[in-house]
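Subject: Handover of a structure

Dear colleague,

Please find below the sequence and structure that I am passing on to you. My notes on it follow.

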Amino acid sequence: MKIFVLAVFAFVMYFIITGRLNRTIAAMAGGLLLLIANVFSSPYEGLRQTVDVNTLLFLIGMMIFVRVMEKSGIFQYIAIRTVKVAGTKPVSLLFTLTFIVVLVSSFMDNVTTVLIFIPITIAITDILQINPTPFIVSEIFASNIGGTMTPIGDPPNILITSAAKIPFLEFTLYMVSINLIILFFVDLAIILISGKDLRKEIPEEFIESFDESKAIDDKLRFVTSIIFMIVVLVLFLLQKQLNLESSIIGLMAGFFSLLIFERKEIELFLSKVEWEVIFFFLGIFIITGAMEQVGIMSDIAKFLIDISKGSRIMFSSMLVWISGILSGFIGNIPFAATMIPAIKQLPQINPAVFSNIQPFWYALSLGVCLGGNLTPVGALANVVGLSLLKKHKGTEISFKEFIKYGFVAVAISLVLSNIYMLLLLEIMK
Amino acid sequence: MKLFVLFIYALAYAFIIFRPQISSVTTFLFGIVAILLLGEFNFAELSKIVDFNTLSILFGMMLTISVLKEHGVFNAISEKIVKFSKGNMIKAILLIDVAIFLLSSLLDNVTTILIFIPILLYIADITSVDYKLLTINAIFFSNLGGMTTAIGDPPNIVIYAVSKLSFLSFIVNLMPIGILVLLIQIFMTKKNLKEISYNTEIGENSTIKSNLWALYFAAFMLVVVLMALHEQIGLELGLIAIMGATLMLFAEGTDFQTRISDVDWDTLFLIVGLYMLNAALEKMQLFAPLINLFSSVKTSIFLPIIVLWSSMLLTGFLSALPVTLMYITIIRQLVSLGAPTDLYWALALGVGLGGNLTPIASMCNIIGSNILKKYKKRTLSFSEFSLSMLKPVMLGGIISTIFLVVKYLL
């Protein structure tokens, strides 16, 4: 069964990497094949076990919401204001944008962050008539880096911190500095790679000629949209207190905004949701779930522990690198979920060496969250961000093209993380 | 709390009646609110209250239809029929009616209407047959056909998924009634057409470019065969439908997003909303008084007959899906208490026939009159539509009643 699951995974990956076939169809076909082949006790049981309905519904809701908000001109307005503040250098613009993205995504979902910032960014690059690709890619990276910083920024972190019972502030304290450093070097690398796209200086008069008030067609709608957005944001921030699932907030936001602003176009908006992305995730959820089910995930965990039995440094480095590279290809949530019990067992395996497992939680978090930047399918934010770029500008970034950026970004992230881990191991003796 | 949930339920249905254009979104939102009121509900367990099998069947079939349409399967079939009739217009009309019935029994009713009504209108033009009669008949046969299989129309898909009866049992129990009503109705129509029998030459210029359509049609028939055998192979219909659709997409190799925009999301969200509303009502045990009332007469012959006629009438105003969901929860509980499964057939027949009663009762009717508006610059008024439908619907109702009585007596 393990071999069969791996074969299906390889088959789907082949189509994703080569782009031979629409990747959604490939992922769906792979997922269905696993369901029909009875990898799980029954096909519907498999769906129930593996598919994260919460995430999918949340995505559907937020996609509708952002699309409706977009029509009020609110993103263009923000874009023009940002450009006027950030000045005439694309490079400084890139730093500003990614820094804001990191901050926002450390408290909000990476996908939400990307959903909001990509339309703004595309509006900006349209105004300045520069290539949006480096901006989009660096923002996707920034959203994943930002997610690594706090216990609530990225789903694996939620799992890790709740299992290890690390307080919010303590975790954030250890993670902020290293991630900001990583962001700086990743940005620098992107600027070097994309070269002259970003070196273009934009004349001041050109920027001044834009009038943000022209972005607003309908003042009433603009104002109500802002109020609506603030309400949704507050709901997300108070999520814990109100005990609301993010899927419910997302769906409510999406469908209420549809009802309020676009009553006549409901069907159009529903059909324009990025269903391709939703069903891609559906397929991927099933495939990763199957890998977990047949024990491939725990095999990896066992392997990791076996090769680094006696050394803290070896184990934490391997944890960073292996989980980092794997996260580019397989879902990082199930992987983190499998590693957590494995790490917890370490003191029993070798009590002399692994008396303090505290630093390994950070190694795991850095690996799985940052590794997602490696490929276009490594994290939710990557897929959503790239599909938005395709929708707005028609430019499709191929697997190979993305991995050029992704490889550099992940290499920088993991090297820096590894160095940081050596430091942490010293601190947390 | 109970009252509040009931109030939300009523409000949701009020929107369905009075604001049908936005009812998918309102129903969905009311559904979420109702679920939230229950408290302690985890959305990850959505599959417990929303039947994913229903959604997968609908979704899979919608994708399949999109692929079939793209490859001209429907055009090819209609062209074959016109050619086969060799200019005999009566033959053409009757064949088209039968084709509408058969295709609707497996595919979406609206799609068949979209293909065939324009052809019927064209025939009406050259033969001076009453086009209203032809349109009404086409709509009726489309709804009728949809009633006869487990995948024919959304209400039947819901009934199939909830009742867990087999695909074949739907055909065995419902198809004979459908065919009987079809034959009687065709016989009556033919009497009307007799005096104006007419022969015409029909142009030979074919629009079919290749025989690829036949391949896709064969693939679709294979899916249907698999569905008929679903109990033997041990797969749910939903999985078969999605698998079929995915394979066709795989063969086609197109962009997923273009295909998926053909999917009728309105219907899907409406169904999810209705399921959520019903689950809330069920959890609050608001159906309990009704169930107690009916369980005392659960084996009586009158129960299926009441279900048949009341659901038929209600469908005229609420449209088929909301009525189906309303009834199905009660019927499922009654059946688990020992009532006969005939109640499911009564419901399928009721909403299937009732869908013809008013121009707003089913999507098919709305689309049908839209086509009429486009080609003939006039619409059928509410009363005009309902009056001409009354006779065939009553006919269907009477035949169904006889069927239910006979089944009870056996």
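In this predicted model, the contact between the two chains draws 33 residues from chain A and 30 residues from chain B. On the side of chain A that touches chain B, the elements that give two or more residues are helices H2 (23–36), H3 (43–50), H4 (53–70), H14 (246–261), H15 (266–272) and H16 (275–293) of chain A. H14(A) supplies the largest share of that side, eight residues. By class, this side of chain A consists of 23 nonpolar, five polar and five charged residues.

From H3(A), the residues Gly46(A), Gln49(A) and Thr50(A) meet Phe285(A), Ile286(A) and Gly289(A) of H16(A). By class, the contact of H3(A) with H16(A) has two nonpolar, four polar and no charged residues.

What surrounds Leu347(B)? Apart from neighbours within four places in sequence, Leu347(B) is in contact with Ile159(B), Val307(B), Ser311(B), Thr324(B), Tyr327(B), Ile328(B) and Ile331(B).

Helix H21 of chain A covers residues 358–371. Of the 14 residues in H21(A), 13 are buried, so that the helix is mostly covered. At 1.5 Å a residue, H21(A) should span 20 Å, and its end C-alpha atoms are 21 Å apart, which agrees.

Most residues other than glycine have a negative phi. Gln129(A), however, has a positive phi near 55 degrees, and Ser319(B) has a positive phi of about 70 degrees although it is not a glycine. Gln129(A) lies in the loop between helix H7 (110–128) and helix H8 (133–149) of chain A, whereas Ser319(B) lies in the loop between helix H17 (302–318) and helix H18 (320–336) of chain B. Are these residues buried or exposed? Gln129(A) is exposed, because it has 9 other C-beta atoms within 10 Å. Ser319(B) is buried, because it has 26 other C-beta atoms within 10 Å.

Finally, Ile119(B) is located in helix H7 (residues 109–127) of chain B. Ile119(B) is partly exposed, since 19 other C-beta atoms lie within 10 Å. Leaving aside neighbours within four places in sequence, Ile119(B) is in contact with Ser78(B) and Ile96(B). Between Ile119(B) and Ala92(B), 27 residues apart in sequence, the C-alpha to C-alpha distance is 9.9 Å.

Yours sincerely

How values were computed
Residues are numbered from 1 along each chain as its sequence is written. Chains are lettered from A and ligands numbered from 1 in the order in which they are written. This is a predicted model: local features need pLDDT of at least 70, side-chain atom pairs count only at pLDDT 80 or more; totals for chains, interfaces and linings use all residues. Two residues are in contact if their C-beta atoms, placed from the backbone, lie within 7 Å. Helices (H or I, at least four residues) and strands (E, at least two) are DSSP runs, numbered from the N terminus. Ala, Val, Leu, Ile, Met, Phe, Trp, Tyr, Cys and Pro count as nonpolar, Asp, Glu, Lys and Arg as charged, and the others, Gly among them, as polar. A residue is buried if 20 or more other C-beta atoms lie within 10 Å of its own, exposed if 12 or fewer, and partly exposed in between; C-beta atoms are placed from the backbone. The expected span of a helix is 1.5 Å times one less than its number of residues.
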